[in-house]
Amino acid sequence: MWWHRKEDKSGEEEMTVKIRFFARFRELLGTDIMTDVAAGTMFTSLITSIAKKNPEGYAAIFDKNGAFYEFVILMRNGKRIDIADADRTVIVDGDEIAVFPPVAGG
Amino acid sequence: MFSERELERYRRQTMLFGEDGQERLKKAHIFIAGAGGLGSPVSIYLAVAGVGTITIVDMDVVDQTNLNRQILHYERDIGRKKTASAEEKLREQNPDIIINAVDVKIDESNAKNLVGKADGIVDAMDNFPTRYLLNDVAIAQQIPFFHGGIRGFYGQATTIIPGTTPCLKCIFPKAPPREEFPVVGVTAGIIGTVQSNEVIKYLTGSGDLLTNRLFIWDGMQSHAEEICVERNPSCEACGGTGKKTKAGKKK
């Protein structure tokens, strides 16, 4: 495996995950972002913290109450995560997260 | 049976799938929803491939702002119905097929009748509510639905086979907001030709279809990838079974 568990100086377990954004989200936030997260981090809080690096990117994904827009597609390791479950979905070491909008034009 | 002209016209592709395959194209009826950015390459490539009957539906008039991508329509067509423009071009592209161009807005009251006995629906729409309607019709009729969507330099496509694959609503349960979307013509060209390619493969029984996979095109990086998509057991349209649910049932 390319990832490995490691411990930071405080002894708490850290994990490495990969976040992939698509389409407009990618333009605003980049993609293939490798990031270390603390054990117990939830899906929503992970994406919130990454998206906040660009206010426009955050505003494209989250509404003014900080909830995912209902059309946003969330996936973890190729499996769909319901928006309703994202708050209580724990990120695990090595997860590959995908966040994308349907593109609607024709 | 094919005329000499048809045999010559299709010679370079009957080398691939034989006259049998060409016969299947000729006998097929494909419904193209939209004569805009996606509908242009889709209809042109299906016409020249020899799909025997093409129904193309659009409610709009050609506008100057369409011309960067809607390659069925020319400067001289501005102000003209897209269906009239499309019919004229497609007949010139291939006089040996039947073109039905229907000038109407696809809505809940007419979607099923418009599709009629077509063998497949190509999604060349610019909005999700109409896509969902066509998805319902595809499920009810148990015919394939060839989805495509574009924005800017990005696009997506997938082939939906009711009863076998996730439906459009399994993959995209909620519509994104409507907008005047930015787009370059090449994105419509890339995704539209992927859709046409799927139709030709489906009808001729060639290759592997883009089923259970969402093709994602990133034109900024010139990078294509795909993600696996699955049925949603609680899907409003198909209940994850690919068959009509009561909630998704049409009038």
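Student: What should I know before I start?

Tutor: Residues are numbered from 1 along each chain as its sequence is written, while chains are lettered from A and ligands numbered from 1 in the order in which they are written. In this predicted model, local features need pLDDT of at least 70 and side-chain atom pairs count only at pLDDT 80 or more, whereas totals for chains, interfaces and linings use all residues.

Student: Which strands lie at the edges of the sheet in chain B?

Tutor: Helices (H or I, at least four residues) and strands (E, at least two) are DSSP runs, numbered from the N terminus. Two strands pair if DSSP finds at least two bridges between them. Here an open sheet of eight strands runs β3-β2-β1-β4-β5-β6-β7-β8 (chain B), with mixed pairing. Its edge strands are β3 (98-103) and β8 (223-228) of chain B.

Student: How many bridges join β6(B) to β7(B)?

Tutor: Four, and the two strands run antiparallel. B:Y154, for example, has B:D218 in β7(B) as its bridge partner.

Student: Where does α6(B) pack on the sheet?

Tutor: A contact means that C-beta atoms, placed from the backbone, lie within 7 Å. Angles run from 0 to 180 degrees between N-to-C directions, with axes being lines fitted to C-alpha atoms, for helices over the stretch in contact. Helix α6(B) touches β1, β4, β5 and β6 of chain B, and its direction makes about 165 degrees with that of β4(B).

Student: How many residues of α6(B) are buried?

Tutor: Buried means 20 or more other C-beta atoms within 10 Å of a residue's own, exposed means 12 or fewer, and partly exposed is in between, with C-beta atoms placed from the backbone. Twelve of the 14 residues of α6(B) are buried, including B:F128, B:Y132 and B:I139. Their cover includes α5 (111-115) and α7 (168-171) of chain B. Just after this helix, B:Q142 takes a positive phi of about 55 degrees.

Student: At what angle do α3(B) and α8(B) cross?

Tutor: Their axes come within 8 Å and cross at roughly 40 degrees. A crossing is right-handed if the near helix is turned clockwise from the far one by less than a right angle, and left-handed if anticlockwise; this one is right-handed. Among the residues making the contact are B:Y45 and B:L46 of α3(B) and B:G192 and B:V199 of α8(B).

Notes:
Two residues are in contact if their C-beta atoms, placed from the backbone, lie within 7 Å.
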